[in-house]
Amino acid sequence: MRVDVLVLGAGPAGMSAALEARAQGLSVLLLDENAAPGGQVYRGARADARGPGADQARAGAKLAAALAGSGAERRFGATLWAIEPGPVAFFSEEGGARRVAAGQIILAPGTTERALPLPGWTLPGVMGVGAAQILMKSAGLLPSGAVWLAGQGPLLWLYAAQALAKGGRIAGIVDMSGPRTAALWHLPAALAAPGYLARGMAWMGAVRRQVPVHRSRDLRAEGDGQLERVVIDGTPHPADTLLLHDGVVPNTQVTRAIQGCAHRFRAGAWEPVVDEWGHTSTAGILVAGDGGGVFGAAAAALSGRIAALAVAHALGCFGVEQRDALAGPLLLRRGRQRAPRRFLDALFPPLPPPADPVMLCRCEEVSAGRVREAVALGCLGTNQLKAFTRAGMGACQGRVCGPLLHSAVAAARGVDGAMVEPLRTRFPTKPLTLGELAALA
Amino acid sequence: MFQRTEPADCSIEWDGAVLPARTGEPLAAALLAAGVVRLRGTVLSGAPRGAFCMMGACFDCVVQVEGAVVQACMVAVTPGMKAAP
Ligand code: FES
């Protein structure tokens, strides 16, 4: 199979990139692991959405409809697992592996939730806030009963506002953000950035009127076999569900496995180094959207279009002048969308690593204490840590524990995160069966 | 717990028990809506685990569906689907 542009990920950035590439006359193959377009933010988006976050849902529904009529080939339930020079990509769908050669590749892998490890967080019943939002968007499930939220960041408040508006019930919220947060939240209102921060404060206000909010970092999850209670500052509260959140980080599982693709440490997370168009340091590979640095859905959609214009130029659709003329207004709009983000990053730095007994690597069951022991024995980085403890070597391939191990090693060494290299990933980035491989032969 | 806003339209089997479900929703969502929180024990220590990320990242939701090992959050429910730890 051969296409002009291969786009990975059908969220805001990927869908916008595919549409723009089609508009410039390029052939497009769009792959997404999920059963339907949308990514995380636009998941299950409907044109008739109402309530908090509805503007995003409507934008997502519009994009998905435009994409369906664009002539872009869309494959859902398709998992990319390798990229080789060429570029050539390999993916699996319906039990078989496929190979596709592309003029250029635009990766739009989005984000993953940064896990928030605390005592008892591996118990069934403890999940991510993002996970609960997926349950709401993909299956219409609402929290009801003894459901607690804990952590920090805009998504926590958005989810709470969305769930309450739809009739969900939340028992309480544990706000773990830093002490100055409450005051700082008011500052940006004056900046009147494109509505984003003002909306965030409105969500927070609405939630606070309906749900008790505890401010604490002393939180434990307890239960026999599954979650039964949360203990806040030593006081137990009945709980069957605890939803944790500490922001989102770029999903770099694929980019870290690409030969020569440089990454940098910013806002407490690793991200691929990209220029304003989305070019990575590997020829023919671009990254668009939050997978190249978290700036939110609106900026991601613009990044997708900008990357597609760069690709159209590279593949000979038009010269530099036309590229710049088309991209100019998009770059300006993206700049405005990105403006509030640095402020949010400063407001919600990742929470500090937990106490020794708390598990960091859920797959290999490695505690924070064992990571600190390894550092005391001379372990300098997360890749070395694998040899010391097997942390990061389990089924998730570091997707969940990677950022946690990284910050724990950096903190134990007393150095900045930028000084500790991220976990290396390897193709295949998702497990493959022999049957799938046989389809390539 | 989680509560449905849209009615179930089919049933699935979990470890022999018949549970209501909705065609096309993630298997992990159907299980959670039916109150099934614990999905498996870890290989290392047998510690209990359930769906955690719902986006195919954590692999804590790994179950068997008709003999194949799958992530329950990434598999869409089909009527009559048989799943087990
Ligand atoms: S719940 Fe994490 S992979 Fe399914």
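R4(B) is partly exposed, with a relative accessible area of 22%; partly exposed covers the range between buried (under 20% relative accessible area) and exposed (over 50%), found with a 1.4 Å probe on protein chains only. This is a predicted model, in which local features need pLDDT of at least 70 and side-chain atom pairs count only at pLDDT 80 or more, while totals for chains, interfaces and linings use all residues. Residues are numbered from 1 along each chain as its sequence is written, chains are lettered from A and ligands numbered from 1 in the order in which they are written, and side-chain values use heavy atoms, with hydrogens and water left out.

R4(B) forms a salt bridge with E25(B), the closest N and O atoms being 2.9 Å apart. A salt bridge here is a side-chain nitrogen of Lys or Arg within 4 Å of a carboxyl oxygen of Asp or Glu. E25(B) lies in the loop between strand 3 (17-21) and helix 1 (27-33) of chain B and R4(B) in strand 1 of chain B, so the pair ties together parts that are 21 residues apart in sequence. Helices (H or I, at least four residues) and strands (E, at least two) are DSSP runs, numbered from the N terminus. E25(B), at 2% relative accessibility, counts as buried.

Strand 1 (residues 2-4) of chain B pairs with strand 9 of chain A in the antiparallel sense over three bridges; two strands pair if DSSP finds at least two bridges between them.

How much area do chain A and chain B bury between them? The figure is about 3100 Å², with 62% of it on carbon and sulfur atoms. Buried area is the accessible area (1.4 Å probe) that two parts lose on being put together, summed over both. L141(A), R362(A) and E365(A) lose the most area on the chain A side, together 18% of what that side buries. In terms of contact (heavy atoms within 4.5 Å), 42 residues of chain A meet 32 residues of chain B.

One salt bridge is found across this interface. It joins the side chains of D60(B) and R362(A), at 2.6 Å from N to O. Several elements of chain A, among them strand 7 (111-113), strand 8 (126-128) and strand 9 (141-143), each supply at least two residues of the side that touches chain B. Helix 3 of chain A gives the largest share of that side, six residues.

D60(B) has a partner within chain B as well: a salt bridge with R40(B), where the closest N and O atoms are 3.3 Å apart. D60(B) is in the loop between strand 5 (48-49) and strand 6 (62-65) of chain B, and R40(B) is in strand 4 (residues 40-41), 20 residues apart. Both D60(B) and R40(B) are buried.

Chain A has salt bridges of its own. R229(A) forms one with E222(A), the closest N and O atoms being 2.9 Å apart. R229(A) is partly exposed at 30% relative accessible area, and E222(A) is partly exposed at 23%. E73(A), R75(A), E93(A) and R98(A) are linked in a network of salt bridges.

Strand 10 (residues 147-152) of chain A is mostly covered, with six of its six residues buried. Strand 10 pairs in the parallel sense with strand 16 of chain A over six bridges, and G151(A) stands opposite H245(A). Strand 10 also pairs in the parallel sense with strand 11 (residues 172-175) over four bridges, where G172(A) is the bridge partner of W148(A).
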